[in-house]
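This report describes selected features of the structure shown below. Please consult the sequence and the model alongside the text.

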Amino acid sequence: MDNHVTTQPALSIQDVTRSFGGLVAVNNVSFDLHENEVIGLIGPNGSGKTTMMNLISGALKPNNGEIRLYGENIAGAPAADIAHRGVARTFQIVRMLPSLTVLENAEAGGVFGHAKMWGAELHDRARELLQRVGLEGIENRPVSTLTYIDQKRLELARALISDPKVLLLDEWLAGLNPSELRTGIALIEQLANEGRTIIIVEHVMDAIRSLCSRCVVMSSGVKIAEGGTAEVLADPEVIRAYLGDENA
Amino acid sequence: MNSEVRTFGIAVILFLAAATLPLISSGYLLSIGVSIAVYTVLATSWTLFSGPTNYISLAVAAFFGIGMYVVAGGIDLLPFPVLVLIGAVVGALFSAIVGLATLRISGVYFVIFTLGLAELIRQVVSWGQATMGTSSGLYVLTDFTDPQIYWALLVLAAVVFLIGWWIGRSRLGFALRIIGNDEVVAVHSGINTARAKVILFVISCTFASITGALVAPRYSYVEPTIAFNPFISFQVVIMALLGGVHRLWGPLLGVIPFTILWELISANFPTQTTLLLGAAFLLIVYFIPHGIVGLIESGIQKWKGDQHG
Ligand SMILES: Nc1ncnc2c1ncn2[C@@H]1O[C@H](COP(=O)(O)OP(=O)(O)OP(=O)(O)O)[C@@H](O)[C@H]1O
Ligand SMILES: [Mg+2]
């Protein structure tokens, strides 16, 4: 029991299971995410992290269990409905809208989702967020001219423009070089300081250490640990899961 | 804004110029004008849906035929304008059903389905007429003249352009562009993709039905092979691709040369039209994948580049 016990969690995952044929990608997993909290969802490759993100955002439907967003069960709801209710996400493999400009790519998240804007308000907000993520001055460029990190930045702007209640970042820092990584971590830190509620899926442990107060660890679809980041990362079972992955 | 006013002004001038055609010519030229007007409406409205979504619909003939048959079937009972309205409503309802049933399936199956649809309706209509013991077609005897039909089609074309312009600036249009780029991003951005696609599909198909209804009086005898001719669907796709599907005025640039060329081909090589249609399709897709609009725009860009360099 922690000090959040009286407040309703922003997101509550309860006994969620999802299998693909015989493979149980997410096996009876439960955890809570509280408002203004940034938690890490970690685990070796193929442990079910992205599947969990897909279940929360509605890209996949769980076979079993409940996913409650501020008390309302959203498990199995269409992805667009879940976006309306305030869940935004980025993708492990970045997804751009190639025939749209940089500005329009950012705007795409702000018209139909949790925040609904149009016209001048939308343009202003998108410009503001592009500046925020470090993409000012290239609003009218086609996205194909963007570097990988800039595409990731743009995807973050597209998620943020909906003013989400819960933000899901799936390996948003992957593939960045050390200096880009520092910039990236600083950016997410800012979001955390603003009180955003975020789940971070990440293999970069330095990022997890500096950004997340708590972590949930998955291995082979099962939650094997949960708790304060420092203690979880020192947990022998967690270390074994990661090492086992490396030996495989 | 300034350039928008200018574009609008040019459009009005072109529209008025096109409207004078029946005053200048009544015979052959006017009949080509009617064909161009028909295909301008069909190809432009087809592009409203298929351009942004990349769903290739081969159902144009189905909806065109529905409109034509509503008029042919009711011409002795109801006034023509009422029949056009009924044709529009029937087309809209039917396309809503088809859209709801098929737009969840992926693009490839959609193409096949729409192709089969026109054929299916044609068979059903033929069968219906056979079992009712009527002749294989219906007489459409009116006193509408070609100029009247031409002007009606011209007004319809103007309406299509205005609606297309409005969609292009609307949230619906933005939603469709996002869907066409990446449906996964679209749903996670909160877009009800099925609804957006169905709305656009219905708008697009309804125009095909209205077109069929308006031109019905040109055919004094309507039969299923005329009304539901799959050639119509193929030609619409080819013309739209030839012109370019990423600009509202793109299809028009394909319709005009193609219709004229087609008149020449079918006059001089009446037995090889199918072969030539297929060849035209291959050449267009291979050599001008972005259509005439693409050629023009890259030409302008190159020209501008040369100016700077
Ligand atoms: N759509 C799918 N169909 C079939 N199997 C899937 C599907 N999605 C994921 N899986 C399988 O489920 C398991 C968990 O995959 P998931 O992508 O959730 O892992 P992950 O923890 O995100 O891994 P990584 O760190 O490599 O991104 C893997 O074995 C994967 O092959
Ligand atoms: Mg993953």
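The buried residues of H14(B) pack against helix H12 (230–243) and helix H13 (250–268) of chain B, with contact meaning heavy atoms within 4.5 Å. These buried residues are B:Thr273, B:Leu277, B:Ala280 and B:Ile284. Seen down the axis of H14(B), they fall within an arc of 60°, so they line one face of the helix; the arc is that of the directions from the helix axis to the C-beta atoms. An α-helix has 3.6 residues a turn, so residues three or four places apart point the same way. On the other side of H14(B), B:Thr274, B:Leu275, B:Leu282, B:Tyr286 and B:Phe287 are exposed. Buried means under 20% relative accessible area, exposed over 50%, and partly exposed in between (1.4 Å probe, protein chains only).

## Basis of the model

The model is predicted: local features need pLDDT of at least 70, side-chain atom pairs count only at pLDDT 80 or more, and totals for chains, interfaces and linings use all residues. Residues are numbered from 1 along each chain as its sequence is written, chains are lettered from A and ligands numbered from 1 in the order in which they are written, and side-chain values use heavy atoms, with hydrogens and water left out.

## Magnesium site

A:Thr50 (OG1) and A:Gln92 (OE1) coordinate the magnesium ion (ligand 2) at 1.9 to 2.1 Å. Donors are N, O and S atoms within 2.8 Å of the metal (3.2 Å for Na, K and Ca); water is not among the atoms, so sites may look incomplete. A:Thr50 lies in helix H1 (residues 49–57) of chain A and A:Gln92 in the loop between strand E6 (87–89) and helix H3 (102–107) of chain A, so the pair ties together parts that are 42 residues apart in sequence. Helices (H or I, at least four residues) and strands (E, at least two) are DSSP runs, numbered from the N terminus.
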